Amino acid sequence: MASSAVLNADLRKGLIHKEIYGHFSEHLGRGIYEGIWVGEDSPIPNTKGIRNDVLKALQRIKIPVLRWPGGCFADDYHWEDGIGPRETRKRMINKLWGGAIENNHFGTHEFMMLCELLGCDAYINGNVGSGTVREMSEWVEYLTFGGESPMSSMRAANGQAEPWTVKYWGVGNENWGCGGNMRPEYYADLYRQYQTYVRNYGENKIHRIACGPNGNDYGWMEVLMREASSFMDSITLHYYTILGPNWENKGDATGFNTDEWFTTLEQALHMDELITRHSAIMDQYDPDKRIGLIVDEWGTWYNSEPGSMPGYLYQQNSIRDALVAGVTLNIFHQHNDRVRMANIAQMVNVLQALILTEGERMLLTPTYHVFDMFKVHQDAERVEFTFESEAYRHNGRDIPAVSASASVDQEGAIHISLCNLNHADDSDLTIDLRGIDERSEGLSVSGTILAAAEIDAHNTFEHPDQVVPQPFNAFVLEGSKLKVQLPPMSVTVLEIKQQ
Ligand code: AHR
């Protein structure tokens, strides 16, 4: 079986916002403590308390934006607990996630320092569920007000005289669930109230983000858009790829069978329908697409690793996760008119992590490698890529075997990202390259692939290089036809350049 595609390089489809490659770090398990923050006195080499190995790996993939401090933790977090001398900060129990000790050593100053070291924008998620309007308003003032005020004086006394730039502000998280179990009508009113006090000070202009729906809760989207759209810059969507059969048994991250492989990818592809249908509702209230859809929690959620702390959500990450990342990022590209940001859950040691750590050891997961390979799409222009994929059939069910998207960067290089979802068969794809004028003869094509021989191939601390990108050359350019042979279970990025 074969698939065919047409790439129209001169048909531009708008920017692929680099924020689609955003990240999320919550006070959950070892996501921040151990995973990022080890403290200045740690034997693990660090920069002002942030571990150097993780920092270097994250810098490489050009993180555009980082969301913090939650998740559900956001609506339980009181920011004043996390400022001032670290030794006097409150020690408490993280009631939400595994009863871990939260010593508040990673707070506002540490987060802003991390963003500076990563060169990324800050996305702070404020507390609506258990916080007050005043608390949120004062946090914004503490962070961004440059004049004289109690909050700016307190910030200066804590070592930061200059205000920071904070670009993104979330007004609550999952307020339909852990963030207060609210009805959409009630939250819409609270959203309108709280966001009023998320003020712009000086040059700092905050992008205000409303809490959007869980998965297919179209009713929540409808009410929020109807009641509060004129007060928001973006609204969120949360969707996790969960295998089931239920929350008590979500399937394992490794050691799964081909049915589970197929179902996981089928679930991941559901993101397309969710974005399409939520966008259709948004279009009714916002036909000019002023408001962004921010998918600020997405990724796989399996049973935690045997022996890991319950509630820490620590899971391995295999070539299957790489496929989930690849198809999801391709879906976000296709919806670049509405999807302005996305934040995979989560960056280190939690859920579909890019990085896992154990003591002083660190490994890069297959998902990390996909983010590294796909970073060429950040802020590139999407180009039209139409294709007909052969079907991937399994036990009487069908999904497309190939997922793809393409963009052109500022230097004119074209990048095509291709996933072959099929666990057993190659996929032969012929791409008709159009709109690249008569230059085809002078084109150079190169590629990188992430593939594996086992459906649950993954990296371990003992063998960290089991699944790593390799040069790819299973293609031939015949005139304007690029013929590519995609191995099973693979993620490939092709680069087409003029020589
Ligand atoms: O990412 C883990 C949790 O999943 C987040 O805290 C919450 O927002 C979601 O339910």
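Helices here are DSSP runs of H or I, at least four residues long, numbered from the N terminus. With that in hand, let's look at a predicted model. Just past helix α2, glycine 119 takes a positive phi of about 70°.

**Helix α2 and its cover**
- Helix α2 spans residues 108-118, and its buried residues are Thr108, Glu110, Phe111, Leu114, Cys115 and Leu118.
- An α-helix has 3.6 residues a turn, so residues three or four places apart point the same way.
- What covers those buried residues?

**Around the ligand**
- Which residues surround the ligand? They are Glu26, Gly70, Gly71, Cys72, Asn173, Glu174, Glu297, Ala345, Gln346 and Leu351.
- Sorted by class, this shell has four polar, three nonpolar and three charged residues.

**Helices α6 and α7**
- Helix α6 (residues 218-228) packs on helix α7 (residues 258-285) at an angle of about 20°, and their axes are 9 Å apart.
- That angle is under 35 degrees, so α6 counts as roughly parallel to α7.
- The two helices make a right-handed crossing.
- On the α6 side, the contact uses Tyr218, Met221, Glu222, Met225 and Arg226, while α7 brings Arg277, His278, Ile281, Met282 and Tyr285.
- By class, the residues of this contact are six nonpolar, three charged and one polar.

**Helices α7 and α8**
- α7 also packs with helix α8 (residues 319-334), this time at an angle of about 15° with the axes 10 Å apart.
- These two are therefore roughly parallel to each other as well, and their crossing is right-handed.
- From α7, the residues Trp261, Thr264, Leu265, Ala268, Leu269, Met271, Asp272 and Ile275 meet Arg320, Leu323, Val324, Val327, Thr328 and Ile331 of α8.
- This contact divides into 10 nonpolar, two polar and two charged residues.

**Serine 4**
- Serine 4 sits in strand β1, which covers residues 2-15.
- Why does serine 4 count as partly exposed? It has 15 C-beta neighbours inside 10 Å, and the buried label needs 20 or more while exposed means 12 or fewer.
- Setting aside neighbours within four places in sequence, serine 4 is in contact with Phe387, Glu388 and Thr430.
- Take threonine 430: along the sequence it is 426 residues from serine 4, yet their C-alpha atoms are 4.8 Å apart in space.

Conventions
Residues numbered from 1 in each chain as written. Predicted model: local features only at pLDDT ≥ 70, side-chain atom pairs only at ≥ 80, totals over all residues. Near = placed C-beta within 6 Å. Nonpolar A, V, L, I, M, F, W, Y, C, P; charged D, E, K, R; others polar. Axes fitted to C-alpha atoms, helices over the stretch in contact; angles between N-to-C directions. Parallel < 35°, antiparallel > 145°, perpendicular 65-115°, else oblique. Left-handed = near helix turned anticlockwise from the far one by under 90°. Contact = placed C-beta atoms within 7 Å.
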